[in-house]
Amino acid sequence: MPAWLIKLVLPFAVKFGLAWLFKKFPTLPEEVRTIIQDLIDQLVQHKADGKALVSDAKTKIQACYDDSC
């Protein structure tokens with residue numbers, strides 16, 4: 001997944017929620033969906049660490065495409 005698309009998808013997931021994201025981007029791979037779901041769960045629990053968690057999720061998704069998860 002290209003970096004520009006990751007930068008687009010993650011803020012949408014945080015702002016609009018997973019149901020909206022998966023409806024608008026139905027072709028997202030399952031491993032990406034799982035990482036985004038984990039991100040949302042962690043953000044709910046740790047709002048103060050949000051930026052670091054988003055950055056970590058971006059790195060994980062990019063690694064999936066670099067290393068073929």
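Which residues form one aromatic cluster? Phe12, Phe16 and Trp20 do.

## Basis of the model

The model is predicted: local features require pLDDT of at least 70 and side-chain atom pairs pLDDT 80 or more, while totals for chains, interfaces and linings use all residues. Residues are numbered from 1 along each chain as its sequence is written, and side-chain values use heavy atoms, with hydrogens and water left out.

## Aromatic cluster

Three aromatic pairs are found in a search of the whole structure; rings of Phe, Tyr and Trp (its six-membered ring) pair if their centres lie within 6.5 Å, with planes under 30 degrees apart counted as stacked, over 60 as edge-to-face and the rest as tilted. Phe12 and Trp20 form an edge-to-face pair, at 5.3 Å centre to centre and 70° between the planes. The pair of Phe16 and Trp20 is tilted, because the ring centres are 4.6 Å apart and the planes lie at 40°.

Phe12 is partly exposed, with a relative accessible area of 26%, as is Trp20 at 28% and Phe16 at 42%. Here buried means under 20% relative accessible area, exposed over 50%, and partly exposed in between (1.4 Å probe, protein chains only).

## Packing of α1 and α3

Helix α1 (residues 3–16) and helix α3 (residues 30–45) have axes that come within 10 Å and cross at roughly 45°. Helix α1 is therefore oblique to α3 (under 35 degrees counts as roughly parallel, over 145 as roughly antiparallel, 65 to 115 as roughly perpendicular and the rest as oblique).

In contact (heavy atoms within 4.5 Å), Val9, Leu10, Ala13 and Val14 of α1 meet Ile36, Leu39, Ile40 and Leu43 of α3.

Terms used: Axes are lines fitted to C-alpha atoms, for helices over the stretch in contact, and angles run from 0 to 180 degrees between N-to-C directions. Helices (H or I, at least four residues) and strands (E, at least two) are DSSP runs, numbered from the N terminus.
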